[in-house]
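Reader: Hey, can you walk me through this protein? I'd like to ask things as I go.

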Amino acid sequence: MRRALVLLTCLSIVSAPGCALHRSATKSLAEKRSREKEARAAAEEWLALIDAADYTAAYAREPERLRAATTQAQFIRSMEGRRAPFGKMLSRTFIGAAFTRKLTGAPDGHYESILFRTSFAHKAVAAERVILSLESEGWRVVDYRVY
């Protein structure tokens, strides 16, 4: 009987909407959704530049530390090599996002990996991964892959 009472009490505390644990989980979920929404919007804006072959503008939106390591000409050649073979983007669907504080070859920070299912003129089914870093000026793309 005592065991049942303890179990019932624990369950009511954990599941109570007014408890600190519930508020913390709700706040964390709201923060996650907000962060994901902001990063996704930044990724979509950057991808629109890539879709339009406006590589100069896309380069300008990268973090300063990446622009210091890569020239604009190198970036343009890299994007032309990655995207031109696929042709025009026909459709893009958001698949999901994942947050991490660590990224191989990069300083610890706040990173969001955004994944899209994309259809191109020369590749009907592809995936695009855009990794963004939270910088002082907002979310900035630090890596882009097409699979």
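This is a predicted model: local features need pLDDT of at least 70, side-chain atom pairs count only at pLDDT 80 or more; totals for chains, interfaces and linings use all residues.

Reader: How many helices and strands does the chain have?

Author: There are 5 helices and 4 strands. Both are DSSP runs numbered from the N terminus: helices are H or I with at least four residues, strands are E with at least two. Starting at the N terminus, the order is α-α-α-α-α-β-β-β-β.

Reader: And what percentage of the residues is buried?

Author: Of the 147 residues in the chain, 28% are buried. Buried means under 20% relative accessible area, exposed means over 50%, and partly exposed is in between, using a 1.4 Å probe and protein chains only.

Reader: OK, the core. Which residues have the most contacts inside the largest one?

Author: Those are Trp46, Phe75, Met79, Val130, Leu132 and Tyr144, in a nonpolar core of 23 residues. Such a core is a set of buried Ala, Val, Leu, Ile, Met, Phe, Trp, Tyr and Cys residues joined through side-chain atoms within 4.5 Å. At least two residues each come from α2 (20-51), α3 (55-60), α5, β2 (111-120), β3 and β4. The largest share is from α2, with 7 residues.

Reader: Why would those side chains group together?

Author: In soluble globular proteins, nonpolar side chains tend to be buried together.

Reader: What does Val130 touch, then?

Author: Setting aside neighbours within four places in sequence, Val130 is in contact with residues including Ala43, Leu47, Ile114, Phe116 and Tyr144.

Reader: Switching topic: what lines the largest pocket?

Author: Among the residues lining the largest pocket are Trp46, Phe75, Met79, Arg82 and Tyr144. Both α5 and β4 (138-146) supply at least two lining residues. Its volume is about 180 Å³.

Reader: Wait, how do you decide what's a pocket?

Author: On a 1 Å grid over the protein atoms alone, a pocket is an open set of points where a 1.4 Å probe fits, with protein on both sides within 12 Å along at least five of seven lines; lining residues have an atom within 4 Å of a point. Points are joined across faces, edges and corners, and the volume is the space filled by probe spheres set on them.

Reader: Which classes of residue line the largest one?

Author: The lining has 7 nonpolar, 2 polar and 3 charged residues. Ala, Val, Leu, Ile, Met, Phe, Trp, Tyr, Cys and Pro count as nonpolar, Asp, Glu, Lys and Arg as charged, and the others, Gly among them, as polar.

Reader: And the second largest pocket?

Author: That one has a volume of about 150 Å³. β4 gives the most to its lining, with 3 residues. By class, the lining has 6 nonpolar, 2 polar and 3 charged residues.

Reader: Is Thr118 buried or exposed?

Author: Thr118, in strand β2, is buried because its relative accessibility is 2%. The Thr118 side chain makes a polar contact with the side chain of Glu128 (2.6 Å). A polar contact is a pair of N or O atoms within 3.5 Å; within protein, one must be able to donate a hydrogen and the other to accept it, and residues adjacent in sequence count only if both atoms are side-chain atoms.

Reader: Where is Glu135, and what does its side chain contact?

Author: Glu135 is in strand β3 (residues 123-135), and its side chain makes a polar contact with the side chain of Ser133 (2.6 Å). Leaving out residues up to four places away in sequence, Glu135 touches Pro63, Arg65 and Arg140.

Reader: Last one: what's up with the phi of Ala53?

Author: Phi of Ala53 is near 60 degrees, a positive value in a residue other than glycine. Most residues other than glycine have a negative phi. Ala53 sits in the loop between α2 and α3, and its relative accessible area is 45%, so Ala53 counts as partly exposed.

Definitions and conventions
Residues are numbered from 1 along each chain as its sequence is written. Side-chain values use heavy atoms; hydrogens and water are left out. Contact means heavy atoms within 4.5 Å.
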